[in-house]
Amino acid sequence: MRPRLRGRAAYVRFADDALMGFERREDAERVMAVLGKRLAKYGLTLAPEKTRLIDFRRPPKGEQRGKGKGAFDFLGFTHYWKRDRKGSWRPAWKTMTARVGRFLRAVYEYCRRHRHDSVKDQHAALVRRIRGHFNYYGVNGNTSVLGAEIEHIKRAWLKWLCRRSQRARLDWERFSDLLRDFPLPRVRVYADLWSRSP
């Protein structure tokens, strides 16, 4: 297939998900036209809701909008174009909105179901969940999303700790003292994707 392409191409695969990038639109259209037939030879099919052509070219320098067109979701991230501090267009990544919601609902439900466990046990379980999430989604450009998640988790934890007892109500000041003894993981970059960008 490669010799038939007129421009450069790239291919990324993870398990049963794949992403193909083409320098020329006609190359992308040609591959799209034959891909289903090629997979059918091996008893495989494309998922129509996940298979599409997206124009993900770098926006022109004169483009005034804050974000470029052609955003798409892949492997839990929304990929899009964003201006850096110097005004140049760079690819950027943030956690997909659906994944953020799913993670926060799971943490909220944990806090609700385990509100009568010891604070030490709750803290250990929350730290495990947050670290696992951050290890995957902790990429440069995504720290504001992770920071917002931490704030939601703090509020959920406080809410369900307050529901443990009517007499021993926690206010935000006392909860802040508790967080000093049982801190949640700090937001940081675990993987630098800028160095791998085109």
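This is a predicted model: local features need pLDDT of at least 70, side-chain atom pairs count only at pLDDT 80 or more; totals for chains, interfaces and linings use all residues.
## How the helices pack

Start with helix H2, residues 97-113, and helix H4, residues 143-162. Their axes lie 9 Å apart, and the helices pack at an angle of about 20°. Angles under 35 degrees count as roughly parallel, so H2 runs roughly parallel to H4. The crossing of these two helices, H2 and H4, is right-handed.

On the H2 side, the contact is made by Val 100, Phe 103, Leu 104, Val 107, Tyr 108, Cys 111 and Arg 112. On the H4 side, it is made by Val 145, Glu 149, His 152, Ile 153, Ala 156, Trp 157, Lys 159 and Trp 160. By class, the contact of H2 with H4 holds 11 nonpolar residues, one polar residue and three charged residues.

Helix H2 also meets helix H3. The axes of H2 and H3 come within 11 Å and cross at roughly 170°. Angles over 145 degrees count as roughly antiparallel, and H2 and H3 are therefore roughly antiparallel to each other. H2 brings Arg 99, Phe 103, Val 107, Tyr 110 and Cys 111 to this contact. H3 brings Asp 121, Gln 122, Ala 125, Leu 126, Arg 129, Ile 130, His 133 and Tyr 137. The contact of H2 with H3 has eight nonpolar, two polar and three charged residues.

Next comes helix H5, residues 172-181. The axes of H4 and H5 cross at roughly 110° and come within 11 Å. An angle of 65 to 115 degrees counts as roughly perpendicular, so H4 and H5 are roughly perpendicular to each other. Their crossing, that of H4 and H5, is right-handed. Lys 154, Trp 157, Leu 158 and Leu 161 make the contact from H4. Trp 172, Phe 175, Leu 178 and Leu 179 make it from H5. The residues of the contact of H4 with H5 divide into seven nonpolar, no polar and one charged.

## Two buried residues in helices

Ile 153 sits in helix H4. Its relative accessible area is 1%, so Ile 153 is buried. Leaving aside residues up to four places away in sequence, Ile 153 touches Phe 103, Leu 104, Val 107, Ile 130 and Leu 184.

His 123 belongs to helix H3, which spans residues 119-137. With a relative accessible area of 15%, His 123 is buried. Beyond residues up to four places away in sequence, His 123 touches Trp 157, Phe 182, Pro 183 and Leu 184.

## Two loop residues

Glu 63 lies in the loop between helix H1 (25-40) and strand E3. It touches Arg 83 and Trp 89, not counting residues up to four places away in sequence. Glu 63 and Arg 112 are 49 residues apart along the chain, and their C-alpha atoms are separated by 47 Å.

Leu 75 lies in the loop between strand E3 (72-74) and strand E4 (77-83). Leu 75 has a positive phi of about 55°, although it is not a glycine. Its relative accessible area of 25% makes Leu 75 partly exposed.

## The cysteines

How many disulfides are there? The count comes to zero disulfides. A disulfide needs two cysteine sulfur atoms within 2.5 Å. Cys 111 is in no disulfide, and the nearest cysteine sulfur, that of Cys 162, is 12 Å away. The sulfur of Cys 162 has its closest cysteine sulfur in Cys 111, at 12 Å, so the distance is too far for a bond.

Buried or exposed, where does Cys 111 stand? Cys 111 is buried, with a relative accessible area of 1%. Cys 162 also counts as buried, at 11% relative accessibility.

## Accessibility at a glance

| Residue | Relative accessible area | Class |
|---|---|---|
| Ile 153 | 1% | buried |
| Cys 111 | 1% | buried |
| Cys 162 | 11% | buried |
| His 123 | 15% | buried |
| Leu 75 | 25% | partly exposed |

How values were computed:
Residues are numbered from 1 along each chain as its sequence is written. Side-chain values use heavy atoms; hydrogens and water are left out. Axes are lines fitted to C-alpha atoms, for helices over the stretch in contact, and angles run from 0 to 180 degrees between N-to-C directions. Helices (H or I, at least four residues) and strands (E, at least two) are DSSP runs, numbered from the N terminus. A crossing is left-handed if the near helix is turned anticlockwise from the far one by less than a right angle, and right-handed if clockwise. Contact means heavy atoms within 4.5 Å. Ala, Val, Leu, Ile, Met, Phe, Trp, Tyr, Cys and Pro count as nonpolar, Asp, Glu, Lys and Arg as charged, and the others, Gly among them, as polar. Buried means under 20% relative accessible area, exposed over 50%, partly exposed in between (1.4 Å probe, protein chains only).
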